[in-house]
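Trainee: Could you walk me through the labels on this model? I'd like to see each one set against its definition.

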Amino acid sequence: MPSDTPQPAFVLVRPQMGENIGAAARAMWNFGLDRMRIVAPRDGWPNQKAVAMASGAGRLLDEAQLSATLADSLEDCDFVFATTARPRELTKPVYSPEAAMKLAAEKTAAGQKVAVMFGPERAGLENEDVARANAIITVPVNPEFASLNLGQCVLLTAYEWRRQVEEVVEVTTDLGKSDWANHADVDALVNHYEGRLEEAGFFFPPEKAPGMKVVFRNLFSRLPLTRADVQMLHGVMRQMVRWKEKRD
């Protein structure tokens with residue numbers, strides 16, 4: 001059964017290729033959407049090519065709501081978006097995918113049923129289809145090549161939906177088995193290097209040594225070091241000293 005999570009229904013209007021229906025199902029499930037509706041598929045239903053392409057998202061195809069007409073598919077909806085790249089001679093608000101899915105999230109959270117229509121591969125939605133929508137979604141694509149594959153358009157819209165309903169961490173760092181080095185870790189490392197470099201006569205001439213040490217310490221304080229990094233750098237200096245002592 002479909003999940004209980006409030007979400008829009010994605011309506012594939014007269015899709016032509018089973019592979020694209022399967023790709024759309026997979027794209028939807030990638031982002032937690034499982035309300036698929038299919039209107040008058042060209043090659044009939046069920047479609048084995050769709051099943052093969054859907055991979056692990058075959059459940060969406062099994063549970064998809066099949067309709068003979070678009071009117072039947074939309075009859076229970078409160079608000080409908082139509083995806084189209086072509087200009088239409090219809091007065092409707094036009095949303096970016098991000099803004100559309102933000103509005104969809106607000107409406108579904110308020111208990112309304114929202115649908116997003118995707119047209120057939122060859123030419124997209126007809127004006128008669130778009131006329132049934134409350135608003136249009138247009139992707140800012142290259143105007144010289146505006147055609148999006150059905151699966152791609154579904155994927156892009158589903159991604160924007162996910163961004164609206166889930167907290168997305170924009171940047172993260174995988175620390176593996178380590179952790180960030182703290183101030184004491186870095187201080188010990190700097191002291192280790194300063195001591196050895198002083199023995200090697202690096203801080204010269206003497207009147208410039210204090211300023212050189214400040215710059216040196218500042219260098220390490222700017223680096224986002226992990227404890228594993230600090231341990232390695234200690235090891236590097238120890239090995240360099242051993243190598244120097246062996247050569248001497």
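Trainee: Which residue is the bridge partner of Tyr 95 in β7?

Mentor: Ile 137 is the partner of Tyr 95 there. Before we go on: this is a predicted model, where local features need pLDDT of at least 70, side-chain atom pairs count only at pLDDT 80 or more, and totals for chains, interfaces and linings use all residues. Numbering starts from 1 along each chain as its sequence is written, and side-chain values use heavy atoms, with hydrogens and water left out.

Trainee: What makes β5 and β7 paired strands?

Mentor: Strands are DSSP E runs of at least two residues, numbered from the N terminus, and two of them pair if DSSP finds at least two bridges between them. β5 is joined to β7 (residues 135–137) by 2 bridges, and the two run parallel.

Trainee: Where do they sit in the sheet?

Mentor: The sheet is open, has 7 strands with parallel pairing, and runs β3-β2-β1-β6-β4-β7-β5. β3 (65–67) and β5 (94–95) are the edge strands, since each pairs on one side only.

Trainee: How many aromatic pairs are there?

Mentor: The structure holds 9. Rings of Phe, Tyr and Trp (its six-membered ring) pair if their centres lie within 6.5 Å; planes under 30 degrees apart are stacked, over 60 edge-to-face, and the rest tilted.

Trainee: Why is the pair of Phe 79 and Phe 81 called edge-to-face?

Mentor: Their ring centres are 5.0 Å apart and the planes stand at 65 degrees, so edge-to-face it is. Phe 79 and Phe 81 are both buried (under 20% relative accessible area, with exposed over 50% and partly exposed in between, using a 1.4 Å probe and protein chains only).

Trainee: What about the rings of Phe 216 and Phe 220?

Mentor: With centres 5.1 Å apart and planes at 65 degrees, that pair is edge-to-face too. Phe 216 and Phe 220 are 4 residues apart in helix α9 (residues 209–222), so about one helical turn separates them.

Trainee: What puts Lys 213 over the face of Phe 203?

Mentor: The rule wants NZ of Lys or CZ of Arg within 6 Å of the ring centre and within 35 degrees of the ring normal. Lys 213 lies over the face of Phe 203 at 5.4 Å from the ring centre. Likewise, Arg 59 lies over the face of Trp 29, at 4.7 Å from the ring centre.
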